[in-house]
Amino acid sequence: MRNETDSKTGMAYVREGKGPLLLLVHGFPLSSAMWSAQLEAFSGKFCVLAPDLPGFGTSPLEDEEITLESLADLLANFLDNVTGGEPVIFLGLSMGGYIGWPFAQRHRDRLRALVQCHTRATADTGVVARGRRQSAIQVLAEGPQKLVGEMLNRMTGPEARFQKPELMERLQAIMSEAAPATIATFQLAMATRADSTGMLPGLDLPVLVVAGEQDHITPPDEMREMADLIPGARYCLIRGAGHMSPMERPEEFNRCVLDFLEGDSLPAQSGVS
Ligand code: MLT
């Protein structure tokens, strides 16, 4: 595994394997550390790139004002710097998926396929956006412990919560690394994100939507409805998983993604990184 930093965007990232490019974009408040099982499973066939978004993991937070569009542009810039420019498979989880929509809208030519996991295309409701603003103020004043504790329980299904203490510890450790300023900045970015539902019927690329049976943040029925709006999209439900199926049920998650990537729905690609 190679831990590197892109000197132009300042983003730290992990690169592993050779083959077509697969970009893994983590959720909130996480980091590339959430993808260890995917780096292992996918790097035999793909060149996997897993960046830490600004402020998470070992990437510095340089801009105080961040939007999901600016993050999509930052990732495009990052790909320009660290790859030969060939299109990528974009795989995003939750907040990573929120970034996937503006990425597809603004950088369609860089995309080979989109894998949207535990995410939604709608914007926040007023109540959710207000909750995020309050959470930003609270985290800046008191630190992230309360938010991390609440999210830890909301993000995981019962099997992980009650039977997998090591997984819960690992998830808590990853979330606890995020600084209050980063958490506040990203809460505000998510609270002000646009509704991307209107673009779904016009998406003209292979799309896989991955949902978790026990996910109460992005419920599977809502994800199924979202997938139904995307022409030809494939939908995959991970049984027993909450919001974090790549960590909770890595084997099932990896199989579902590999089945999609190795199927015949993806356009051929000659480039090898
Ligand atoms: C995530 O997993 O990225 C978060 O649950 C996204 C959110 O807070 O909406």
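An oxygen atom of the ligand lies 2.9 Å from a polar backbone atom of M95, which makes a polar contact, defined as a pair of N or O atoms within 3.5 Å. In this predicted model, local features need pLDDT of at least 70 and side-chain atom pairs count only at pLDDT 80 or more, whereas totals for chains, interfaces and linings use all residues. Residues are numbered from 1 along each chain as its sequence is written, and side-chain values use heavy atoms, with hydrogens and water left out. A polar backbone atom of F28 is 2.7 Å from an oxygen atom of the ligand, and S94 brings a polar side-chain atom to 2.9 Å from a ligand oxygen. Of the 270 Å² that the ligand exposes when taken alone, the protein buries 94% (accessible areas by the Shrake-Rupley method with a 1.4 Å probe).

Turning to the surroundings, the shell around the ligand consists of G27, F28, S94, M95, Y98, R132, M151, M155, M190, I217 and H243, each with a heavy atom within 4 Å of it. Seven of these residues are nonpolar, three polar and one charged; Met, Phe, Tyr and Ile count as nonpolar, Arg as charged, and Gly among the polar ones. At least two shell residues come from each of α3 (95-106) and α5 (145-155), where helices are DSSP runs of H or I with at least four residues and strands are runs of E with at least two, numbered from the N terminus.

The peptide bond from F28 to P29 is cis, with omega near -5°, and P29 is placed in the loop between β3 (21-25) and α1 (36-42). S94, in the loop between β5 (88-93) and α3, has a positive phi near 55° although this residue is not glycine.

Elsewhere, strands β1 (residues 2-5) and β2 (residues 12-16) run antiparallel and are joined by four bridges; pairing requires at least two bridges found by DSSP. Within this pair, E4 stands opposite Y13 in β2. Six residues lie between the strands of the hairpin, in which G10 takes a positive phi near 80°.

Note on methods:
A polar contact is a pair of N or O atoms within 3.5 Å; within protein, one must be able to donate a hydrogen and the other to accept it, and residues adjacent in sequence count only if both atoms are side-chain atoms.
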